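Please prepare a briefing on the sheet and the pockets of the model shown here.

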Amino acid sequence: MTVARTAATAAAITSAFSTLRGHRDRVEAQTMRDMFASDPARFSRLSLTVDDLLLDYSKNRIDAAAVVGLLDLARVAGVEERRDAMFAGEKINVTENRAVLHVALRAQAGETYLVDGVNVVEDVHSVLDAMTAFAEGVRDGSIAGVGGRFTDVVNIGIGGSDLGPAMVTRALSPYHDGPRLHFVSNVDGAHIHDTLAKLDPATTLFLVASKTFTTIETMTNAATARRWIVEALGEEAVGAHFAAQSTALDKVSAFGIDTARAFGFWDWVGGRYSVWSAIGLPVMIAIGSKNFRDFLAGAHDMDQHFRTAPLDRNLPVILALIGIWNRNVLGFPAKAVLPYDQRLERFAAYLQQLDMESNGKRVTLEGAPVTLATGPLVWGEPGTNGQHAFYQLIHQGTDVIPCDFLIAANAHEKDGVHHALLLANCFAQTEALMRGRTTDEARAELAAEGKVPTEVERLAPHKTFPGNRPSNTILYKTLDPYTLGRLIALYEHQVFVQGAIWGIDSYDQWGVELGKQLAVQLLPMVEGKVSADSRDSSTAGLIKAAAQLK
């Protein structure tokens, strides 16, 4: 597809942002509290439902006219055309000359997704069927280790090969009826050693997730796991206790893994978009192939919604445009992701990689410096724990931090008291962020508590909340595999839309390369084999100081 934006397109985008700044000046004259008071239908106007999935974006500093301006921006920026190019298999990852087709990983049999003129769906389902046979064999014990049925599975990967399956396995723990799952990613030896300390080698299976089978952190941990198996069970046990998610079959074989136990994926699958592929094998082992296919089905349905729904009724588009409004029009640099579900405790970390590695870019597709701020800082933790940690800053700090709240209407547990309290807390936080508490309201509350006037005046500023702080709420029936698939795909497509508007390549990650290259150079210096005197004084000083502490 054509990469460079025309002068006319660039001018139209500049004009659209100018219009949006005019909307901002109008909207900022009112607080959200006033907007809700003057418009009883605000929630119905500024919320969107697809099946049971509800996005409430009414608690943002925005109105219907500003939303129209954002939709105009999406159109002139070519979001629809670029979306169609992605689904058509065009090479929208321009720096690596690759298609971006993670949507094909959840395609139904018989659908068509082309890469270089070849329909890849048949290959996708061939790998999915192989994964199913292996996963179900592990689950039913027909694929076993030296000590019999596998009780534990350790996934060794890093980045998308770890964050995705680890997050999904934890999120879907009510459906986990397979072996126990463990995830090792950090090259810090403590991670794998602490994991192995709890396991029996005779009943432990390792999955090594590395497309090239050269990722240094993953292969270092895999080598440690291999030694652990060999020391306990002998060299001949390696083949029975390892499988791989990789396309480097020669290296897989050299490691001692039968290539029949290697499950491949493709260069049009980015790591942070790969949980739907063979990288999801540990998830399938944990929850079974039927539930895994329900997970894929949820993402597939969100894909079709994103692909076909009008922009003004399109969940990923609206979520993305609210993010553009907060980032580029209101100038807020961060976003908190706050799932009110303990099983989504790794969801914010997963979205950190998805969003920040995709859209943390400083140059456009053409290689020119961007003229707009790009990806925000994404962070968060589950509620209600966060309420007792960092919500103080969100409510009364000097920086405004837009928030995404996520919650299910129904819990898996049958104790309704817990979930009712969870729902009440979630909704209360969104209301508190929007309404705040005026100084007069603080004074009245303090007086009602019996405080003397001097105490009222002393404490009132501390109990004042500015309010007018934006949030989205995403509500759904239950966190099941289908719903989780929809949620992840929702955020994937949000990232796509924002990258399209910013005119950046959301599917490369050159920013991770330099540190890796320097680590290779520094390793022999840290090991004392080469002098560090050629480095800057800080780096050389740190290497020498560490050596002195050995």
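This is a predicted model: local features need pLDDT of at least 70, side-chain atom pairs count only at pLDDT 80 or more; totals for chains, interfaces and linings use all residues.

Residues are numbered from 1 along each chain as its sequence is written, and side-chain values use heavy atoms, with hydrogens and water left out.

**Open sheet**

- Six strands, in the order E1-E2-E12-E11-E9-E10, form an open sheet with mixed pairing; two strands pair if DSSP finds at least two bridges between them.
- Strand E1 (47-50) and strand E10 (377-379) are at the edges with a single partner strand each, so one side of each has no neighbour in the sheet.
- Helices (H or I, at least four residues) and strands (E, at least two) are DSSP runs numbered from the N terminus.
- On average, neighbouring strands of this sheet are turned by 15 degrees against each other, direction ignored.
- E1 and strand E2 (residues 53-56) run antiparallel and are joined by four bridges; Leu48 stands opposite Leu55 in E2.

**Helices on the sheet**

- Helix H14 (residues 315-329) packs on the sheet and touches E1, E2, strand E11 (403-408) and strand E12 (471-476); contact means heavy atoms within 4.5 Å.
- The direction of H14 makes about 25 degrees with that of E2; axes are lines fitted to C-alpha atoms, for helices over the stretch in contact, and angles run from 0 to 180 degrees between N-to-C directions.
- Helix H17 (residues 416-435) also packs on the sheet, touching E11 and E12, and its direction makes about 160 degrees with that of E11.

**Largest pocket**

- The largest pocket has a volume of about 1,300 Å³; a pocket is an open set of points on a 1 Å grid where a 1.4 Å probe fits, with protein on both sides within 12 Å along at least five of seven lines, and lining residues have an atom within 4 Å of a point.
- Of its 43 lining residues, Ile158, Thr215, Val512, Glu513 and Lys516 are the closest to the centre.
- Helix H21 (513-526) is one of the elements that supply at least two lining residues, and its nine residues are the largest share.
- Domain 2 (104-292) and domain 3 (513-549) both contribute to the lining, so this pocket lies between them; the domain bounds come from an automatic or database domain assignment.

**Second largest pocket**

- The second largest pocket has a volume of about 440 Å³.
- Of its 20 lining residues, Gln342, Glu413, His418, His419 and Leu422 are the closest to the centre.
- H17 gives the largest share of this lining, five residues.

Definitions and conventions. Grid points are joined across faces, edges and corners, and a volume is the space filled by probe spheres set on the points.
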